[in-house]
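I opened this model to go through its fold, its surface and its charged pairs. My notes follow in the order I looked things up.

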Amino acid sequence: RGRPRPARGGGGGWGGGGVGAALVHNPGYAELAALCALLGGAMQLALAPALGFVMNFVPHPVISGFTSAGGLIIAMSQLEHLTGIPIRKDRLQDGLYDLVAGLPELHLLTFVTGAAA
């Protein structure tokens, strides 16, 4: 329990591990993924003028808050890998509590290496 733990790498979840398995088990996966990307791009191009007009009615503080929240979510998702401390991702308060509670178990070399990168 008292040993420092190095940060865990990828391989699962949203990383690249699942995509490789899907390509092996489903030969049509690459074609479907490319089709989804093309359809998504076509929808963005078709709806961009209309949605740009709608965004004129969204106040700047709302857009700023949405952008800040996105940054916090991304930062909290990376803290577990940077520190090696298991962090809950369901609520920001729980994640910050886990981070502070796990600081005695921080693997300093992993943290310094990740922060320097």
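In what order do the elements of the protein chain run from the N terminus on? I read them off as α-α-α-α-α. The count is five helices and zero strands. I note here that the model is predicted.

**Entry 1: the chain as a whole.** I looked up burial next. The protein chain has 117 residues, and 12% of them count as buried. I then took the accessible surface, which comes to about 9,100 Å². Carbon and sulfur atoms hold 72% of that surface. For contacts between residues at least 6 apart in sequence, I found that 43% join residues at least 24 apart.

**Entry 2: a nonpolar patch.** Which residues form a nonpolar patch on the surface? I listed Met43, Leu47, Leu51, Phe53, Val54 and Phe57, with about 660 Å² of accessible area together. I picked out phenylalanine 53, which sits in helix H2, residues 29-55. Its relative accessible area is 52%, and the cut-off for exposed is over 50%, so phenylalanine 53 counts as exposed.

**Entry 3: the nonpolar core.** I wanted the buried counterpart. In soluble globular proteins, nonpolar side chains tend to be buried together. The largest nonpolar core here has five residues: Met76, Leu79, Ile85, Ile87 and Leu99. I checked what isoleucine 87 touches, leaving out residues up to four places away in sequence. The list is Met76, Leu79, Glu80, Gly95, Asp98 and Leu99.

**Entry 4: charged pairs.** How many salt bridges does the structure hold? I found three. Side chains of opposite charge can pair when their charged atoms come close.

I took glutamate 80 and lysine 89 to begin with; their closest N and O atoms are 2.4 Å apart. Is glutamate 80 buried or exposed? It is buried, because its relative accessibility of 11% falls under the 20% cut-off. Lysine 89, at 52%, counts as exposed.

I went on to arginine 88 and aspartate 98, whose side chains meet in a salt bridge at 2.9 Å, N to O. This pair links distant parts of the chain, with arginine 88 in the loop between H3 and H4 and aspartate 98 in helix H4, ten residues apart. Arginine 88 is partly exposed, with a relative accessible area of 40%. Aspartate 98 counts as buried at 13% relative accessibility. I also logged the pair as a polar contact of 2.9 Å between side chains.

What else does aspartate 98 touch, if residues up to four places away in sequence are not counted? Besides Arg88, I have Ile85, Pro86 and Ile87. Helix H4, where aspartate 98 lies, covers residues 92-101.

The remaining entry is arginine 91 with aspartate 94, where the closest N and O atoms are 3.6 Å apart. Arginine 91 is partly exposed at 48% relative accessibility, whereas aspartate 94 is buried at 16%.

**Entry 5: histidine 81.** I placed histidine 81 in helix H3, residues 60-83.

Key:
Residues are numbered from 1 along each chain as its sequence is written. This is a predicted model: local features need pLDDT of at least 70, side-chain atom pairs count only at pLDDT 80 or more; totals for chains, interfaces and linings use all residues. Side-chain values use heavy atoms; hydrogens and water are left out. Helices (H or I, at least four residues) and strands (E, at least two) are DSSP runs, numbered from the N terminus. Buried means under 20% relative accessible area, exposed over 50%, partly exposed in between (1.4 Å probe, protein chains only). Contact means heavy atoms within 4.5 Å. Accessible areas come from the Shrake-Rupley method with a 1.4 Å probe; for residues, only the protein chains shown count as cover. Patches are made of residues with over 30% relative accessible area and no salt bridge: like charges are joined within 9 Å, nonpolar side chains (Val, Leu, Ile, Met, Phe, Trp, Tyr) within 5 Å. A salt bridge is a side-chain nitrogen of Lys or Arg within 4 Å of a carboxyl oxygen of Asp or Glu. A nonpolar core is a set of buried Ala, Val, Leu, Ile, Met, Phe, Trp, Tyr and Cys residues joined through side-chain atoms within 4.5 Å. A polar contact is a pair of N or O atoms within 3.5 Å; within protein, one must be able to donate a hydrogen and the other to accept it, and residues adjacent in sequence count only if both atoms are side-chain atoms.
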